[in-house]
Each structure stands twice: as C-alpha cells, then as structure tokens.
Amino acid sequence: MHVASKILETVNAPYGANLSACQLAAAISDIETAQSAMGPAFSFFSEISLELQLSFMAEMGLTHDKVRQVAKHFQALCPFPLALAAPQPSEGDSA
C-alpha cells in the first residue's frame, strides 16, 4: 500500500481527517459515502495526479466506472477540470 500511504497524507491533512485506504476507496467509489468524506474525496480528485489516482484504484481493486461516477459528481460542483471526470476517448462523439 505504498501508493495509498502517499495519497492518504495528501487527502487527510488539510481536513484533519484520518481516513484509512479502505475508507477513502469507499468514498471515491460511492456517491453516498463521498458525502460523509467530501473533503478528502474531493482532494483525491483535485490534488492527486491522474497517475497516482489510477495506481490507487488498481491497488484497491476499484472499478473505473464507479470512481468515474463520483468524479463526475464532484465535477458538477467544481469550476476546474477533474481528470477522472473527463470524457473518455470512446465517448468523444456521444456528447
């Protein structure tokens, strides 16, 4: 869980949170859970590089679709782009 420890330092510190890797994984893959950990979940999508986001998702066994749904939820509340909320190449013509 080397990737997870790096990410947890970044997402927990500003909010005085103490989420575990499993709690963060739940928060970024379920909109209802994200509501109870909004700061760290938003921080994951906005402050962590896409490469580390993808590594954490793989490390935690999260599906891209579930995480992407939560990212899109946060994108609706955020004025700047969130990488995981961006349209995928296969969606390019469906918008």
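How much accessible surface does the protein have, and what share of this surface belongs to carbon and sulfur atoms? The accessible surface comes to about 5,400 Å², and 56% of it belongs to carbon and sulfur atoms; areas are from the Shrake-Rupley method with a 1.4 Å probe, and for residues only the protein chains shown count as cover. This is a predicted model, in which local features need pLDDT of at least 70 and side-chain atom pairs count only at pLDDT 80 or more, while totals for chains, interfaces and linings use all residues. Residues are numbered from 1 along each chain as its sequence is written, and side-chain values use heavy atoms, with hydrogens and water left out.

**Fold and dimensions**

- The protein has six helices and zero strands, where helices (H or I, at least four residues) and strands (E, at least two) are DSSP runs numbered from the N terminus.
- Along the principal axes, the C-alpha atoms fill a box of roughly 40 × 25 × 20 Å.
- Of the contacts between residues at least 6 apart in sequence, 57% join residues at least 24 apart (contact: heavy atoms within 4.5 Å).

**Burial and cysteines**

- Buried residues account for 38% of the 95 residues; buried means under 20% relative accessible area, exposed over 50%, and partly exposed in between, with a 1.4 Å probe and protein chains only.
- Zero disulfides are present, a disulfide being a pair of cysteine sulfur atoms within 2.5 Å.
- Cys22 counts as exposed at 54% relative accessibility, whereas Cys78 is buried, with a relative accessible area of 10%.

**Aromatic residues**

- The structure holds five aromatic pairs; rings of Phe, Tyr and Trp (its six-membered ring) pair if their centres lie within 6.5 Å, with planes under 30 degrees apart counted as stacked, over 60 as edge-to-face and the rest as tilted.
- Phe44 and Phe45 form an edge-to-face pair, because their ring centres are 5.3 Å apart and their planes stand at 85°.
- The pair of Phe44 and Phe56 is tilted, at 5.6 Å centre to centre and 55° between the planes.
- Phe44 lies in helix α4 (residues 38-47) and Phe56 in helix α5 (residues 50-60), so this pair ties together parts that are 12 residues apart in sequence.
- Phe44 is buried at 0% relative accessibility, and Phe56 is likewise buried at 0%.
- One aromatic cluster is formed by Phe42, Phe44, Phe45, Phe56, Phe74 and Phe80.
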